[in-house]
Amino acid sequence: MIRSGAAKNIIVMAGAGISTSAGIPDFRSPGTGLYANLQKYRLPYPEAIFTIDYFRKQPRPFYVLAKELYPGQFVPTACHFFVQLLAQRGLLLRHYTQNIDCLEREAGVEPGLIVEAHGSFHEAHCIGSGCGKGFPQDWLREHIFDDRTPRCDECGSLVKPDITFFGEGLPVRFFELIEDDFAACDLLIVMGTSLQVQPFASLVGNVGGSVPRLLINRERVGETVGHSGGFDFDGKRSADSVHRDALVLGDCDDACLLFAEKLGWAGELASLRAAFTVRKGLEAGAGAS
Ligand code: APR
Ligand code: ZN
């Protein structure tokens, strides 16, 4: 479909699985997932670390974790660069990500093509009611890396990066774009997500009934999401589903490398990665001098 030009409005939906090989743990993988490794914070339950009511009372656990996850310390993966290859060819309609690591931006995907459905560290605001004062990223980064809890100089309330916590609404941009995007989508690629969190997961059911959907993931997911019932890999619900829902069970980096190879883009993927390393090296070098 991509080679023949039949797919030129591709939407990618991504989750933490596309960043695990960059060294950022996902949330729910048994053993390695973030939610299985938060004992030191003595949370009432794992998701509390991203829950706004808990954060107002106990902001420290989030800020300690934010220091570990803060953007700028990680290298985009083959998945991120594969998305950039789609974008460079004008085939990417939009990249919907649940991740807050900004690795898509680092891989060069232009922000206009990205919807950070769960926000990101890119901006920060005071959460004091009636205040909402904005704070620049480097002001916040300084506080996080100095282990100082960032507080608003106007009202004294906590300052939080614009990450969507449980109990908060998703960014307006998400709701502004999903309707037209998913109506125009002619190929959906979902990778590295358990599709456990709404409303993001239900987007799988928003594409047209005959639009092909490809899941690239370590485990089968998304068969019971969305109003249309999600993926139907085995054609249980209707015979024609078999021709539109495809499953690649395995590592998403390997799958994207294979995908690029089959499309004749392997060389470009390699040079994108090499160019990133050179750029980062130069920046680091410039910083050192
Ligand atoms: N290759 C393929 N799949 C992978 C890889 C990999 N290298 N690493 C992990 N996975 C799969 C896991 O098997 C799992 O199905 O990716 C999925 C990751 O799922 P989660 O850990 O639940 O992460 P995600 O789906 O992004 O979580 C969604 O939950 O806590 C909230 O807001 C947070 O955005 C997050 C949301
Ligand atoms: Zn304030």
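**Ligand 1 and its surroundings**

Biologist: How many residues surround ligand 1, and which are the closest?

Modeller: In this predicted model, 22 residues surround ligand 1. The closest are Arg28, Tyr35, Thr193, Ser194 and Glu219.

Biologist: What does the side chain of Ser194 do there?

Modeller: A polar atom of that Ser194 side chain sits 2.7 Å from an oxygen atom of ligand 1.

Biologist: And Asn217, how far is its side chain from a ligand oxygen?

Modeller: 3.0 Å, from an N or O atom in the Asn217 side chain to an oxygen atom of ligand 1. The backbone takes part too: a polar backbone atom of Ala16 is 2.8 Å from an oxygen atom of ligand 1.

Biologist: Back to Thr193. Where is it?

Modeller: In the loop between strand 7 (187-191) and strand 8 (213-217).

Biologist: Buried or exposed?

Modeller: Thr193 is buried, because its relative accessible area is 6%, and the cut-off for buried is under 20%.

Biologist: Which residues does Thr193 touch, leaving out those up to four places away in sequence?

Modeller: Ala14, Gly15, Gln98, Asn217 and Val221. With Gln98 there is a side-chain to side-chain polar contact of 2.8 Å.

Biologist: Switching to helices. At what angle do helix 3 and helix 7 cross?

Modeller: Roughly 35°. The axes of helix 3 (residues 78-88) and helix 7 (residues 252-262) come within 8 Å. The crossing is left-handed.

Biologist: Which residues meet there?

Modeller: From helix 3, Ala78, Cys79 and Phe82. From helix 7, Cys252, Asp253, Cys256, Leu257, Phe259 and Ala260.

Biologist: How many of those are nonpolar, polar or charged?

Modeller: 8 are nonpolar, none is polar and 1 is charged.

Biologist: What about helix 2, which residues are buried?

Modeller: In helix 2 (residues 60-69), these are Pro61, Phe62, Tyr63, Leu65, Ala66 and Leu69.

Biologist: Last one, Ile178. Which helix is it in?

Modeller: Helix 6, residues 172-184.

Biologist: Why does Ile178 count as buried?

Modeller: Because its relative accessible area is 15%, and buried means under 20%.

Biologist: What is Ile178 in contact with, beyond four places in sequence?

Modeller: Tyr96 and Leu203.

Biologist: And how far apart are Ile178 and Leu247?

Modeller: 23 Å in space, C-alpha to C-alpha, and 69 residues in sequence.

Key
Residues numbered from 1 in each chain as written. Chains lettered and ligands numbered in written order. Predicted model: local features only at pLDDT ≥ 70, side-chain atom pairs only at ≥ 80, totals over all residues. Heavy atoms only, no water. Axes fitted to C-alpha atoms, helices over the stretch in contact; angles between N-to-C directions. Helix = DSSP H or I, 4+ residues; strand = E, 2+ residues; numbered from the N terminus. Left-handed = near helix turned anticlockwise from the far one by under 90°. Contact = heavy atoms within 4.5 Å. Nonpolar A, V, L, I, M, F, W, Y, C, P; charged D, E, K, R; others polar. Buried < 20%, exposed > 50% of the residue type's maximum accessible area, 1.4 Å probe, protein only. Near = heavy atom within 4 Å. Polar contact = N/O pair within 3.5 Å; in protein donor to acceptor, adjacent residues only side chain to side chain.
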